[in-house]
Protein chains: 2
Amino acid sequence: MTPTPLYLDCDTGIDDALALAYLLASPSAHLVGIGSVSGNVSAAVGAVNTLNLLELAGRPEIPVAVGAHDPLAGSFDGGAPHVHGANGIGGVELPASRTAVQQESAAQMLVRLAHAYPGELNVVAIGPLTNIALALRLEPRLPELVAGVTLMGGAVLVPGNITPVAEANIANDPEAAREVFAAPWNLTIVPLDVTMANVLEEEHRLELLASDKPVARALGEMLGYYYRFYEGIFGRACSAMHDPLAAAIALEAVNLRTAPVVRAEVDAGSGPGRGQTVCDLRGMHVGFPAQEGARCRVVLELEQDFAPHLVDVLLGRVPAGSGAVTAPESVPA
Amino acid sequence: MTPTPLYLDCDTGIDDALALAYLLASPSAHLVGIGSVSGNVSAAVGAVNTLNLLELAGRPEIPVAVGAHDPLAGSFDGGAPHVHGANGIGGVELPASRTAVQQESAAQMLVRLAHAYPGELNVVAIGPLTNIALALRLEPRLPELVAGVTLMGGAVLVPGNITPVAEANIANDPEAAREVFAAPWNLTIVPLDVTMANVLEEEHRLELLASDKPVARALGEMLGYYYRFYEGIFGRACSAMHDPLAAAIALEAVNLRTAPVVRAEVDAGSGPGRGQTVCDLRGMHVGFPAQEGARCRVVLELEQDFAPHLVDVLLGRVPAGSGAVTAPESVPA
């Protein structure tokens with residue numbers, strides 16, 4: 001398998017840390033650059049967390065660029081310390097990396113990499129879409145230059161997590177998300193519909209904590225904090241798997257059961273729908289017939305639970321994106 | 001059982017005709033007035049259809065008032081002839097009633113009836129909410145005066161039917177719906193989540209056609225037209241049961257499995273969410289804990305399929321609202 005050059009845009013973040021560790025463990029991903037953006041934490045703190053994780057994983061050579069501190073409109077709201085902790089990674093203290101961030105911004109890095117790998121670059125965005133929108137403004141030909149964009153975001157047929165209808169990554173910068181959804185490229189979105197239905201349980205966290213791999217152990221510690229937030233949502237110690245699932249879907253490492261390609265746009269108005277990802281699923285009763293102008297693949301359901309695969313990859317049992325996910329039982333071999 | 005005085009606001013409409021017939025067959029409902037509103041058809045045509053159905057049912061004494069032709073903002077869009085036919089009842093020709101409409105408007109009638117039956121009036125709204133909003137403007141004490149409001153409208157965790165997120169009754173007058181949802185009364189809403197999950201099949205239509213009751217036969221004929229529209233939605237000849245289900249729920253004639261009381265508002269902005277009913281279902285994973293200020297009961301799921309009950313009532317096998325709906329099998333007797 002030829003490794004895919006991949007640009008990751010993140011707001012690290014506990015589930016961003018899971019996604020990063022997943023990608024680092026994957027032979028099918030060639031992580032050529034990482035940009036940070038304000039979301040779970042500020043872009044600056046996200047970059048530090050990312051550098052420290054790369055150091056812990058023995059991969060300090062992967063370049064990290066700091067991205068936008070503020071969304072396109074308004075100001076960074078301070079992030080989600082109640083979810084991710086004050087330092088973004090559940091209060092876990094990682095050894096400090098001595099590697100510096102790049103001189104270029106995240107948006108500049110993305111544009112540079114898109115030109116360096118024309119038609120090949122896989123863009124994975126797991127934070128607010130500010131940097132991606134800025135890159136589109138810097139280089140309007142970006143949609144022709146990149147191979148694809150996969151993003152964690154949206155809540156389609158399930159409640160939002162920031163408002164009744166809006167998911168945090170989209171709602172933290174609806175203006176940016178509107179521009180990204182309107183650009184002429186094929187998007188794959190990984191919304192709460194599927195990330196809330198794939199849950200990491202306490203048994204998985206204990207497996208990570210018992211690992212001899214420093215990154216896996218650190219993730220297990222972070223998840224202790226993360227689980228406390230999700231206990232209020234699910235009623236038990238566990239967590240959704242937002243960002244690592246988007247990473248796995250970008251690598252085509254999981255089989256999708258329901259993922260229609262539909263028209264989609266983002267509400268950037270000032271009403272109760274602000275930050276909502278509006279996807280046209282009206283064809284659901286007849287198997288989603290083709291829609292003119294549809295360019296957004298919405299992942300609604302997987303063939304099987306994601307947690308065992310994620311844990312296997314993080315523990316080094318199987319490489320990410322190795323095709324280790326087996327076909328569902330209902331499909332003849 | 002003491003009959004409940006009931007005001008029906010409708011845009012008759014094939015499923016409105018089903019709801020009206022259902023209420024007329026119910027000993028627990030005392031239909032003291034009906035207002036028409038533009039929606040499926042114009043308010044004027046809706047009133048004529050209603051009068052003709054009352055005549056066919058032998059109930060010409062029930063007063064009918066014509067309501068608003070235009071929504072609060074903008075103009076009536078011509079209705080939905082592709083769904084309900086040019087005359088609103090699938091092209092079926094009913095004998096013309098010789099009864100005249102009332103001199104008062106629908107909003108005036110509603111206010112008058114609320115005063116005539118203080119604390120008792122059951123308001124059932126199965127069209128756009130223009131008349132209800134106008135009545136609230138005429139009489140701001142309306143919420144204290146009526147016993148309750150049940151409306152067919154909204155799409156909460158399912159796609160809309162007018163836009164990807166908006167249902168027709170709400171979307172046809174979002175400004176009115178916003179005022180109705182903001183008023184200090186307890187609402188019960190019956191959204192597409194439950195009306196699209198309860199389907200009337202071809203076998204049910206054939207039963208109605210074979211009836212010796214003129215109203216049941218007329219409904220069977222209308223449904224032939226309605227089913228052709230829904231064939232494009234469901235892939236077979238059948239229909240959703242929007243309005244009659246709202247009528248049955250207003251009479252407490254069906255058992256509800258999932259019906260949380262939550263905060264709700266209507267998006268009356270100009271973005272992609274215009275006309276959406278935004279309900280806060282974020283507590284769904286832990287059984288919907290109480291929300292401060294919540295006044296909107298959202299019917300998401302019934303205990304059992306509604307179609308057999310509806311057909312039984314329309315054929316006179318059991319009276320509507322008679323408690324004939326049995327407990328689900330999973331509940332011990």
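Predicted model: local features only at pLDDT ≥ 70, side-chain atom pairs only at ≥ 80, totals over all residues.
Chain A is superposed on chain B by a rotation of 180° with 0.0 Å of shift along the axis, at an RMSD of 0.0 Å. This is the relation of a two-fold axis. Within chain A, the C-alpha nearest the axis belongs to A:Leu157, at 2.3 Å from it. Both copies use the same surface, since 100% of the contact residues of chain A recur in chain B.

The contact between the chains draws 24 residues from chain A and 24 residues from chain B. On the side of chain A that touches chain B, α11 (214-234) and β12 (277-279) of chain A each contribute at least two residues. That side of chain A comprises 13 nonpolar, seven polar and four charged residues.

In chain A, eight strands form an open sheet with mixed pairing, in the order β3-β2-β1-β4-β5-β6-β13-β10. Strands β4 (residues 122-125) and β5 (residues 148-152) of chain A run parallel and are joined by four bridges; A:Val123 has A:Val149 as its bridge partner in β5(A). Helix α2 (residues 43-56) of chain A packs on the sheet through contacts with β1 (4-10), β2 (29-36) and β3 of chain A, and its direction makes about 170° with that of β3(A). Helix α12 (residues 242-250) of chain A lies across β4, β5 and β6 (187-190) of chain A, at about 160° to β5(A).

In chain B, four of the five residues of strand β5 (residues 148-152) are buried, so this strand is largely enclosed by the rest of the structure. Four bridges connect β5(B) to the parallel strand β4 (residues 122-125) of chain B, and four bridges connect β5(B) to strand β6 (residues 187-190) of chain B, also in parallel. B:Thr150 stands opposite B:Val124, and its bridge partner in β6(B) is B:Thr188.

Nonpolar side chains tend to be buried together in soluble globular proteins. The largest nonpolar core of the model has 234 residues, and those with the most contacts inside it are A:Tyr22, A:Leu219, A:Ala246, B:Tyr22, B:Leu219 and B:Ala246. Beyond its neighbours within four places in sequence, B:Ala246 is in contact with B:Ala19, B:Val124, B:Ile126, B:Thr150, B:Leu151, B:Met152 and B:Val190.

Definitions and conventions. Residues numbered from 1 in each chain as written. Chains lettered and ligands numbered in written order. Least-squares fit on C-alpha atoms with pLDDT ≥ 70 in both. Contact = placed C-beta atoms within 7 Å. Nonpolar A, V, L, I, M, F, W, Y, C, P; charged D, E, K, R; others polar. Core = buried A, V, L, I, M, F, W, Y, C linked by C-beta atoms within 7 Å. Buried ≥ 20, exposed ≤ 12 C-beta atoms within 10 Å, placed from the backbone. Pairing = 2+ DSSP bridges. Axes fitted to C-alpha atoms, helices over the stretch in contact; angles between N-to-C directions.
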